[in-house]
Structure formats: structure tokens, C-alpha cells
Amino acid sequence: MYIIIVGQGKLGSTLTAQLAKEGHDIVAIDIKSSVITNIVDTYDVMGICGNGATVEILEEAGAKKAKLLIAATASDELNILCCTFAKNLGTVHTIARVRNPDYSKQRDFLMKKIGINTIVNPEFETANEIARIIRFPSAASVDSFSSGRLEIAKIVIPEGNPLHNMPVFEVRKKFKQKVLICAVQRQNSVTIPSGDFVLQQKDSISITGSRNEITAFMRAIGIYKKKIRNVMIVGGGRIGLYLAKLLSETDRNIKLIDSDEERCHQLTSALSDVTVICGDGTDQNLLDELNLANQDALVALTGIDEENIIVSLYAYSKYLNKVITKVDRHSYSILTDLGLETVISPQLIASSIVTRDVRALQNSADKSEIHALYKLVGGNVEAIEFSVPYDASYENIPFKQLEILPDLLIVAIIRNGKIIFPDGDTAMVGGDRVIVVTAGRILDDLHDIFA
Amino acid sequence: MNYKKIFNQLGIILLIEAVLMIIPFVMSICYRENIRVVIAFAISMAAVSIVGALFKLNKPERESFYAKDGYFLVALTWVLMSGFGALPFCLSGAIPNYIDAFFETVSGFTTTGSTILTEIEHLPKSILFWRAFTHFIGGMGILVFVIAIIPKTEGSVMHVMRAESPGPVVGKLVSKLTASARILYAMYCAMTFALVILLRVGGMPWFDSVTNAFATAGTGGFCALNNSIEGYGSAYIEIVITVFMLLFGINFNVYYLLTRGRIKEALKDEEVHWYLGIIAVAVTIITVDLTLTKHHFLDSLRTAFFQVASIISTTGFSSTDFEKWSTLSKATLFLLMFIGSCAGSTGGGLKVSRITVLVKSGLRSVKKAFNPRSIETVKLQGKPVDEAVVQSITAYLAIYMVVMAASVFVISIDTWKGNTLLETIGSVVTCMNNVGPAFGNIGPTGNFSEFSVLSKIVLSFDMLAGRLELIPMFMLFTKYIIPKKERSISNMK
């Protein structure tokens with residue numbers, strides 16, 4: 001697919017890297033020539049140096065025949081302008097990153113009247129994701145499908161847990177819960193486990209099921225954590241503000257720390273029921289003074305990765321129930337080795353959203369629509385929710401008669417609001433929602449899962 | 001440096017060379033040539049495939065591939081390709097001395113066209129074909145060919161493309177490198193095919209049409225006749241080749257834009273304007289000069305056009321013995337050798353775009369001396385040229401001059417062979433710019449056979465350095481150029 005990506009900052013370059021790897025034809029645009037040189041040297045893409053919100057540059061980049069344009073420059077206004085131009089030049093689908101909360105209310109107007117197809121606000125999505133984790137603290141991260149009917153939760157097997165040395169097929173027998181282990185990450189390799197795969201401590205596993213079943217399972221294996229009431233947020237940037245707002249709506253004690261006094265005033269006027277503290281949130285004395293040890297959760301959201309990591313490690317040493325670390329440079333693989341359980345990267349979250357759009361744009365007849373796409377365990381594994389079209393060639397044929405590719409797992413089928421864990425005799429029916437987990441394959445459509 | 005990956009790639013390239021040798025091998029059988037020639041090709045193919053297979057056994061432990069790896073791979077590729085490409089000449093007895101054969105092959109791959117052969121016409125057809133074929137392979141570049149045929153590429157392959165393609169700035173035509181390389185080769189082959197047909201229509205035998213088309217396409221200059229294109233004695237052929245030499249000296253991006261219907265953009269290319277402008281001036285000077293020295297005007301125009309096209313595109317064909325021309329005309333040709341063709345073409349020389357930027361930045365310095373506070377950016381095609389690019393072009397010129405001076409000095413040791421100063425300087429200039437003929441003994445009717453072994457090696461180096469634009473060849477000697485401390489830092493990456 002022909003894709004133009006304007007702005008090669010953290011988000012833009014993450015998208016360029018990922019979409020280039022998936023084999024799309026990509027034109028990368030940035031105003032800085034050194035950035036473009038670097039991008040062209042690292043990925044197989046074409047680079048254009050210039051202002052992406054001008055018709056000349058967009059025409060040179062081929063906006064007339066492009067299927068998708070993603071505007072991810074630092075400026076919201078530029079992104080909106082860029083998408084408007086591209087749309088008028090003939091680009092099929094446009095995605096703009098718009099971060100300013102002032103514009104978030106204009107979202108519908110921008111989409112319906114201006115014609116921008118998708119508006120991504122990575123900071124808001126990140127805050128949403130963090131709020132979801134805080135609501136479900138036992139898991140390292142949670143993704144939900146089919147409006148919350150089914151969830152995928154990631155947990156790390158603690159040392160000495162009964163799951164240690166247990167083959168996957170025994171798990172359900174022993175704990176009598178209707179959950180499924182759909183991916184296992186051990187150090188840097190990710191596998192979709194078969195029945196005789198033996199789990200080990202420190203593995204991070206992704207389990208699927210309904211919220212109640214997952215909770216019951218966590219109780220059974222003894223990693224259930226009580227509800228989080230006290231949250232400390234370090235860093236009052238955009239994510240911090242969104243998160244504090246989301247959490248304050250749900251009766252929790254929130255402390256929000258930021259070092260900039262002016263920013264703190266802005267935060268207090270925008271928020272209610274939140275304690276805003278002006279101070280250096282990376283200062284150990286301040287954290288102790290604010291009684292860090294008695295908090296249930298800490299969220300490190302400063303603009304500097306190193307500070308977030310240090311604050312998180314300190315919070316782990318105080319045995320907090322939940323520690324969430326925001327990291328922009330997510331490509332470093334040492335983070336889990338450090339013992340950071342829940343690492344959040346706004347780029348990966350935004351790229352999940354964009355990837356969903358990209359997959360949905362790939363044309364095919366009797367297309368199965370993508371409803372949700374999540375990147376699990378460091379972006380290597382994807383969980384995708386498809387809807388089964390009516391009259392598809394694979395409809396009503398039991399799975400044992402279909403040839404399904406390796407490296408993927410049909411996790412669950414949601415039919416009339418009920419979760420079905422499929423076996424060989426199950427068949428897909430039109431209108432079903434099917435959740436597929438895959439390691440390393442690119443799925444645009446349900447057809448792609450068959451050999 | 002990731003040597004394992006470099007040698008693995010090198011293995012693939014050598015295997016491709018073995019495959020390419022199949023064509024002359026089959027020809028030698030079909031033409032029922034001397035059994036020695038057939039065996040020479042067989043042994044060469046066996047040797048290059050064995051070495052290639054051995055290299056390919058290197059399984060890269062890591063995939064990292066940086067700019068320096070790209071340069072190193074390109075330099076080694078060209079040296080080894082030439083080393084093995086020389087085997088058929090040597091083993092078949094066409095060029096008994098290996099150093100001579102190596103010189104001839106380097107001259108072929110780098111599309112120089114300087115020859116050490118005194119008698120060409122009696123050579124076996126398969127050998128002549130291989131000689132011309134090296135031009136065709138070297139013209140667009142062997143690694144660009146490899147990129148075109150490999151199915152999947154990473155971004156790091158761009159380093160290879162950049163190291164092999166001529167010009168100060170190398171871009172892509174489309175977003176996928178493989179697709180870009182395929183488009184380049186498609187245009188290259190289509191133009192070559194058109195030339196073959198046009199030459200055949202002009203009454204040239206099939207074999208000569210193909211070999212001359214190869215030599216023109218790569219802007220090489222090897223001809224199957226002793227006195228080059230003059231030997232065909234046809235005005236039509238001269239004109240056709242003139243036009244095609246000029247065409248192959250133009251940046252292939254321009255043709256891509258034309259095929260895409262972006263004619264306005266294509267016609268706006270400033271480098272091409274300068275290229276055509278320089279040609280017009282040179283042709284005028286030589287035509288006037290020739291007409292004044294009792295030649296017919298139209299004949300003078302045709303010959304001047306052919307010779308100017310031949311030299312500026314760095315092909316090196318001759319339609320007349322320009323050695324007999326006046327000093328004014330010879331000096332004009334001599335200067336054209338330095339300028340060379342456009343960036344992104346198959347030709348050599350300094351490249352018109354570099355000259356344009358150099359002249360503009362030179363003028364800027366003069367203006368600055370006049371008005372020290374003035375600020376001005378060098379512009380090409382209305383767009384500002386990055387100051388880093390201007391600097392790298394200036395540095396390029398400096399290295400170019402140093403290499404040239406050092407080579408002239410070494411070649412001058414050959415004085416006892418009776419070389420004049422003009423021949424000494426001319427040999428280096430023609431080799432570094434990948435032109436072919438020079439003046440005096442090595443003029444259009446002469447050859448390089450009289451040079452000593454040392455000179456031939458130095459000139460071979462110059463040809464490779466000129467074709468690969470200096471930097472890659474120096475990567476082979478990083479050990480001696482870059483201090484150990486720095487190397488270990490860069491190796492840690």
C-alpha cells in the first residue's frame with residue numbers, strides 16, 4: 001500500500017519502521033534533512049525533505065495516488081492542514097495526530113466536516129490504557145475486545161508460583177477456570193504455546209477470558225491484587241492530566257506531582273478532587289514525604305525515560321501494588337530485565353491504532369472487518385478482533401477441516417455475547433467476532449489465517 | 001565491520017559473475033572457437049563459482065550493515081570481479097600477461113575503455129563479447145543489479161547503492177530500493193535494445209551492433225575494430241552513436257520522470273541544461289577550429305559532435321584521429337574529460353552537478369571577498385544545496401586532485417619508456433575519469449601496452465577509484481588511513 005508519513009519524530013519514525021517492515025511503499029517527509037537522511041539509511045523508504053503541509057511537497061510525494069497519509073508532526077495545526085490538503089489532492093484515507101485538549105472537542109467536526117478519517121491522540125489513548133490497568137491491577141496490562149466481553153491480560157509468573165514447571169494443558173484442568181494462555185514471552189522470544197509447552201517462573205503470559213474468569217484465575221494462582229485506591233502520578237504533562245481526570249471520576253485518591261509551578265496552577269484549575277503537588281517528583285525525599293510506601297500505585301510519566309525508570313525502581317523497592325512506567329524509547333530490550341513489569345509506550349499504543357487502519361484499508365472481497373488490534377508483549381505479537389462476514393468461504397466449516405497456519409491461535413469466538421473457546425469441531429458463523437493472536441504474521445483479513 | 005555478512009554477499013555476487021560468464025562460454029562453443037577459449041571460460045567459471053560458494057559459506061552472525069560496510073563491500077566486489085573477469089582473457093591466450101588482462105577487465109567494468117591490445121580484430125568473438133559485456137555490467141553497476149534481483153531489502157542496502165552510484169547525492173526513484181533498481185535496469189536495457197536495433201538498421205552486423213551498443217550504454221568505449229567507430233565509415237552509425245552516448249550521459253532520473261509523464265519536471269533539470277550547454281560550446285569551438293583548418297563544415301560538425309559526445313559522456317569512441325587536431329581542439333577535449341557526464345548516469349568524470357556546485361560556490365567566495373557580510377546559499381535547480389553537500393564536493397575535489405597528482409608522479413617513473421609529460425598526465429586523467437583514450441601514444445589509435453606493470457596497477461586503481469568515486473577504494477586501506485583508536489570506536493557499534 002502507498003503510504004505517506006509526514007513528520008518523522010518519535011511517532012512518525014516508529015510508524016515508518018513498522019510499516020516499512022510490513023512491506024508497504026512508504027514516503028517519509030520531514031523538514032529536517034538530517035532526519036530524512038537517517039530514515040532513508042535505516043529503512044527501505046523514500047525520503048523527501050520539506051514542509052509536508054504544502055501542495056508542492058505533497059504532490060511530489062504522490063498524494064494523488066496515495067492510499068493513506070499520516071500526519072505526525074509536532075504541531076496539531078500542521079497535521080490538520082496537511083490532512084486537508086492531502087484529502088483534496090486525492091489521498092484515500094488520512095490520519096492526523098491531534099494532541100491539544102482544546103481540539104479534542106473538535107474531533108467530530110474534524111472527522112465529519114473536514115474529512116480527516118482518524119484522529120489519534122496518543123497521550124489520551126495512553127492515559128486510557130493506564131486507567132484500564134489501574135482498574136485491573138493484577139495484570140501487567142489489559143486489552144479488551146468486543147466492548148469488554150473478552151479481555152487479554154498479561155501477567156508475569158512470580159517466583160515460586162504453582163504455574164512454574166506446569167505444562168499449558170494442565171493449567172485449565174488444575175485451576176478449573178475457563179481461560180486460555182495465548183502467548184508466552186521468555187526473555188526476548190515470544191511463542192504461541194501448544195498444550196505441552198512448559199511454563200516457567202518469570203515468563204510473561206497473556207491470558208484470555210472474561211473479566212470474571214480472569215480474576216478468578218488470578219485468585220486461584222495467588223497473584224490477585226486488591227483494588228487500587230491511592231495513586232501517585234509523577235509528571236503532570238498531557239498524559240498526567242488526562243489520567244488524573246479519568247481516575248478522579250472513579251473515587252480514588254490521586255496525587256499529581258509536577259515540578260513546574262505554572263503548570264501546577266493549570267492542573268489545579270483543570271482538575272477537581274486531585275491533590276496537585278509542586279515539586280521534583282524524582283526526589284527521593286519528596287516521595288518519602290508524600291508517603292510513597294502507603295500508596296497502592298505509582299505512575300511515572302515525566303518526559304525523561306531515565307527518570308521514569310529510576311522512580312519506578314524506587315517504588316518497586318517499597319512494594320507498591322502497581323508500578324507503571326512510561327518509556328518513549330521502547331526499543332531497548334533491557335526494561336523487563338530491570339524488573340519493570342508494566343511498561344507503557346505512547347508510540348506503540350498509537351501505532352496499534354494506525355496499524356488497525358492500515359489493515360482495514362487493504363482491499364479484498366468479502367472482507368472481514370477489523371474491530372480491534374492490540375500489540376502484545378513489545379509489539380511482536382498482535383491480537384486482532386475480526387468480524388466474520390456472511391457467506392464467507394470458510395463459514396460453517398469446522399476448524400479441523402480447515403488448514404490453519406502455524407504461529408497463530410484462534411483464541412476465542414464471541415457469538416451472541418457469549419465466549420466460545422474453539423476446538424476442532426467449532427466453526428465460524430457469519431456475525432461472529434473472532435479473536436486471533438499471531439506472532440510475526442501480518443493479518444489483514446480472516447482469509448489470511450488459512451494456509 | 002560485519003565481515004561475515006560482507007563476504008556472504010560477495011559470494012553471491014561472484015556466483016552471479018559465474019552465471020554471466022555462461023553467455024560468452026556458450027558463444028565460444030557455438031562459434032566453434034579454439035578449444036583453448038572454451039576451456040578458458042570453463043575454468044574461469046569454475047574458479048569464480050568455487051570461490052563464490054566458499055565466501056557464501058560465511059553465515060552472518062548479525063545483520064547490522066552500516067555505511068562503512070557498504071563501501072567496503074562495493075570496493076571488494078569491484079576488485080574481485082575484475083580479478084576473476086580477467087581470467088578468460090589470460091587463460092585463452094588473448095592477453096597472455098595477467099596484469100594486462102586485469103587492466104583490460106578493470107577498464108571494462110569501470111567503463112573506461114582504455115585498452116592494452118594492439119590488435120583487436122583477430123580475437124575470438126566470445127572474448128570480444130565478454131570485453132564489451134563488462135562495460136554493460138559495469139555501466140549501471142553490478143550491485144545495483146544484485147539489488148534489482150534480490151526479493152527483499154532492508155534500508156541498510158541504501159549504503160551499497162550510494163557507494164556504487166555516481167554523483168554527489170543519490171536518491172531513489174520509488175520508495176522501495178528493489179523497485180528503484182529494477183526501473184533503472186529496465187530503462188537501461190530498453191535503451192540498449194533500441195540502440196542495437198538502430199545500429200543493425202544502419203547495416204552493422206548483429207555481433208558488432210550488440211557489442212557496440214554495450215560499449216555505448218555503459219559509456220565504455222571498447223570497440224571490436226582496431227580504429228573504433230571510424231572503421232565502419234558510416235555517417236548514420238556515427239550520428240546514432242553520438243546521440244546515444246549523450247543520452248547515456250544524462251541522469252536516469254530524468255528518463256524516469258519522462259516515462260511517468262512528468263515532462264515539465266524532467267525538462268527543468270538544471271544539471272542537464274549545463275551538460276547540454278557545455279556540449280554546445282565545445283562543439284562550436286571544435287567545429288570552427290576544424291572548418292578553419294580546411295575541413296568541410298558539415299563533416300567538421302559531425303566529427304566535432306561525435307568526439308565531444310564521446311569524451312564528455314566518458315565513452316571514448318573515436319570517429320577520427322583527434323591526435324592530429326590543433327592544440328585548441330585537443331585542450332577542449334582534455335577539459336571535457338574532467339567534467340564528465342551527469343550524476344546518476346552511466347558515465348564517469350567529476351560530474352556536471354559537482355562542477356556546477358563548485359563553480360557556484362567559487363563565485364560565492366569571490367563575492368564574499370568583495371562584500372564580506374553577504375550571506376548566500378548555493379542553489380541548484382532553485383533549491384538550496386545543503387552546506388554539508390557543498391563541503392563534501394569541495395573535499396571530493398581535493399582528494400581527487402591528490403590522487404591524480406600522486407598517480408602522475410608514479411606513472412612518470414616510466415619516463416625511460418619515452419612517455420612525454422602530456423602522455424603521463426593524460427593517462428591518469430583519462431583513467432580516473434573513465435574516458436579511455438588520451439593523447440600521444442595513448443591517443444585514439446594508440447594503446448596502453450607500453451606502460452610498465454607498476455603503471456598499469458596504478459592506472460587500474462585510478463579507474464576503480466574514479467568509477468566508485470574515491471571513498472570506497474580507500475575503505476580497503478582504512479587500516480593505514482584511520483588511526484586504530486578511531487577504528488575500534490566505530491567497530492564497537
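1. Let's start in chain B. Leaving out residues up to four places away in sequence, Val308(B) touches Ile279(B), Ala282(B), Val283(B), Ile286(B) and Leu336(B). Here, two residues touch, or are in contact, if their C-beta atoms, placed from the backbone, lie within 7 Å. A word on the ground rules: this is a predicted model, where local features need pLDDT of at least 70, side-chain atom pairs count only at pLDDT 80 or more, and totals for chains, interfaces and linings use all residues. Residues are numbered from 1 along each chain as its sequence is written, while chains are lettered from A and ligands numbered from 1 in the order in which they are written.

2. Which residues touch the most other members of the largest nonpolar core? They are Ile4(A), Ile5(A), Leu69(A), Ile70(A) and Val308(B), in a core of 178 residues. Domain 1 (2-120) and domain 4 (350-449) of chain A each put at least three residues into this core. Another core, of 92 residues, lies apart from it, with Leu163(A), Val311(A), Tyr374(A) and Ile449(A) among its members. A nonpolar core means a set of buried Ala, Val, Leu, Ile, Met, Phe, Trp, Tyr and Cys residues joined through C-beta atoms within 7 Å. As for buried, that takes 20 or more other C-beta atoms within 10 Å of a residue's own; exposed is 12 or fewer, and partly exposed is in between, with C-beta atoms placed from the backbone.

3. Now the layout of chain A. It splits into domain 1 (2-120), domain 2 (127-221), domain 3 (230-320) and domain 4 (350-449), with bounds that come from an automatic or database domain assignment. Between the C-alpha centres of domain 2 and domain 4 of chain A there are 20 Å. Their contact uses 18 residues of domain 2 of chain A and 21 residues of domain 4 of chain A.

4. What does the domain 2 side of that contact in chain A consist of? Strands S7 (141-145), S8 (150-156), S9 (180-186) and S11 (204-209) of chain A each supply at least two residues. S9(A) has the largest share, four residues. By type, this side of domain 2 of chain A holds eight nonpolar, six polar and four charged residues. The sorting goes like this: Ala, Val, Leu, Ile, Met, Phe, Trp, Tyr, Cys and Pro are nonpolar, Asp, Glu, Lys and Arg are charged, and the others, Gly among them, are polar. Helices (H or I, at least four residues) and strands (E, at least two) are DSSP runs, numbered from the N terminus.

5. On to where the chains meet: 11 residues of chain A are in contact with 11 residues of chain B. On the chain A side, strand S2 (25-30) and helix H2 (33-42) each give at least two residues, and H2(A) gives the most, with four residues. That side of chain A divides into six nonpolar, two polar and three charged residues.

6. Take a look at strand S12 (residues 230-234) of chain A. Four of its five residues are buried, so S12(A) is largely enclosed by the rest of the structure. S12(A) runs parallel to strand S13 (residues 253-258) of chain A, joined by five bridges, and Asn230(A) has Asn253(A) as its bridge partner in S13(A). S12(A) also pairs in the parallel sense with strand S15 (residues 297-300) of chain A, over four bridges; there, Met232(A) is partnered by Leu298(A). Pairing takes at least two DSSP bridges between two strands.

7. What about helix H10 (residues 238-248) of chain A, buried or exposed? Eight of the 11 residues of H10(A) are buried, so this helix is largely enclosed by the rest of the structure. Those buried residues include Ile239(A), Tyr242(A) and Lys245(A). They pack against helix H7 (122-135), S12, S13, helix H11 (261-270), S15 and strand S16 (322-326) of chain A.

8. Two backbone spots deserve a glance. Most residues other than glycine have a negative phi. Asn165(A), however, has a positive phi near 65°; this residue is in the loop between S8 and helix H8 (168-175) of chain A and is exposed, with 10 other C-beta atoms within 10 Å. Lys351(B), not a glycine either, has a positive phi of about 90°. Lys351(B) sits in the loop between helix H16 (327-339) and helix H17 (352-370) of chain B, and counts as buried because it has 26 C-beta neighbours inside 10 Å.
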